[in-house]
Amino acid sequence: VWELPDGFDELKFHIFGFGGRRWRPKKNNRLAVISPFVGKKALEVLAKTSDMPLALVSRSESLAEMGSAGPFRSAYILHDAAETEDGEDHQGVSSEIGLHAKIFIYQIGKRTHIALGSANATDAALIAGRNIEILAELAGPTNRVGAVKRLFDPDVDDGLGQYLVPWSPDDDYLADSAKKASQKALEELRSAILSAKQTLHCRKDGEDWTMELKATTPIAFDSESTAMAWPVTVGMERAVDLRPLGKAQTVTLPVQAMASLTSLVAFKLSIGRENIAFALNLPVTGMPEERDRAILRSVIQNRDGFLRYLLMLLAGLGDGADVGTVARALNHSASNQAASNFDDVPLLEELVRAFSREPKRLRKIERLIHDITRDGEAEQILPAGFLSLWLVFAEAMTCHER
């Protein structure tokens, strides 16, 4: 048995969110909503139930995200003095301060209804039906309970008007809200790109190559967003528009040399002044078998490059030369213009150490030398006398494996 407050003669409970149940105020003459969080669609639905959606009371942040009072005539926020207890400094945590009430007040003829409980005026609570909500609805004669308009009159002592101030858009709030909205939209777009199951296909284009980017799932691009993509090996200045993926079309990445082919694709997404960049390692088909060799040969174009690569492969075998020692030795050789002279470079010592401790490293060198001699570039790339030295190690490796 419920004891009703003075002036009320009716009580109902509304439980919704189960099995798609939703709640709406009955068709009414006047409506006011108090809710810390609001949604644009939810407010539109509420306003349609009323001949006169009078007032909306919410937080500055929530109103700023919409930029207006929506379909309601006026928007209010709590006066600063009402944010604390009895106008005194409140010592509690910040979550205890401010607007928490969720109330829907409406008039039907000469009766006033007040529904209060857990439901915010949000899309999740009133439209999607994702939240389990409970409202208690009280009703009584307007001449005893009070009219909706009177509730917001600042000159009435028993109303809310004296605790409210009209809300107006604040430039800082609007800018911050716009920034947050852009960041949220970018995160959603990135998630869509991550889940689109993109693939790359390499295709020969004359002497160069192109890479075709496809998405198994079409990506929904916002009209205000821009999306660019490029292989990480060619630089952002050659980025291409990613938006054709939204129409299930193929995006052709920049033409490039074989050595620049890569499965790593960089993305940059922008909305307004906000942007995010990231890279994905995508599945690739059609990658030429000679690609690894082309990359290596782009590094080893002369004797200096050969020696640097060779010594980097050999460095770090215990008490041998470390990378710093190798670099200093090479710089010293270059300054003496004696890159083909082994006196200043610990090459023989490192080859012997690798043969005794980790002969597998020498097999990588063997494949490299084979490629260089096969292309007829031994004289331009290999230091004088190196082939004769290498034949000794090649024969030793063969005997060792036997």
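## Strands side by side

How many bridges join β11 to β14? There are 7, and the two strands run antiparallel. Please keep in mind as you read that this is a predicted model. Along this pairing you can find M228 standing opposite K268, which belongs to β14.

Both strands belong to an open sheet of 4 strands, ordered β12-β11-β14-β15 and paired in antiparallel fashion. The edge positions go to β12 (240-241) and β15; each has a single partner strand, so one side of each has no neighbour in the sheet.

The structure holds 7 aromatic pairs. One of them is formed by F267 and F278, whose rings are stacked, with 5.3 Å from centre to centre and 15 degrees between the planes. F267 sits in strand β14 (residues 264-271) and F278 in strand β15 (residues 274-281), with the two residues 11 apart.

## Two nonpolar cores

F267 turns up again in the largest nonpolar core, which has 28 residues. F267 is listed with I193, L213, L242, L245, L253 and L269 as the residues with the most contacts inside this core. Which elements each supply at least two of the core's residues? They are α6 (171-194), β9 (198-205), β10 (208-215), β11 (225-231), β14 and β15.

Setting aside neighbours within four places in sequence, L245 is in contact with Q198, L213, K214, A215, P218, I219, F221 and V251. As general background, nonpolar side chains in soluble globular proteins tend to be buried together.

## Rings that tie helices together

A further aromatic pair brings F306 and F386 together edge-to-face, at 5.2 Å centre to centre and with 80 degrees between the planes. F306 is in helix α8 (residues 303-314) and F386 in helix α13 (residues 386-401), so the pair ties together parts that lie 80 residues apart in sequence. F306 counts as buried at 0% relative accessibility, and F386 is likewise buried at 0%.

Helix α8 itself has 12 residues. From its first C-alpha to its last, α8 reaches 16 Å, close to the 16 Å expected at 1.5 Å a residue. The buried residues of α8 are G305, F306, L307, L310, L311, L313 and L314. Elsewhere, F16, W23 and F104 are linked into a cluster by ring pairs.

## Two loop residues worth a look

A248 is another residue that is not a glycine but has a positive phi, here about 60 degrees. You will find A248 in the loop between β12 and β13 (251-252). A248 is exposed, with a relative accessible area of 60%.

How values were computed
Residues are numbered from 1 along each chain as its sequence is written. This is a predicted model: local features need pLDDT of at least 70, side-chain atom pairs count only at pLDDT 80 or more; totals for chains, interfaces and linings use all residues. Side-chain values use heavy atoms; hydrogens and water are left out. Rings of Phe, Tyr and Trp (its six-membered ring) pair if their centres lie within 6.5 Å; planes under 30 degrees apart count as stacked, over 60 as edge-to-face and the rest as tilted. Buried means under 20% relative accessible area, exposed over 50%, partly exposed in between (1.4 Å probe, protein chains only). A nonpolar core is a set of buried Ala, Val, Leu, Ile, Met, Phe, Trp, Tyr and Cys residues joined through side-chain atoms within 4.5 Å. Contact means heavy atoms within 4.5 Å. Two strands pair if DSSP finds at least two bridges between them. The expected span of a helix is 1.5 Å times one less than its number of residues.
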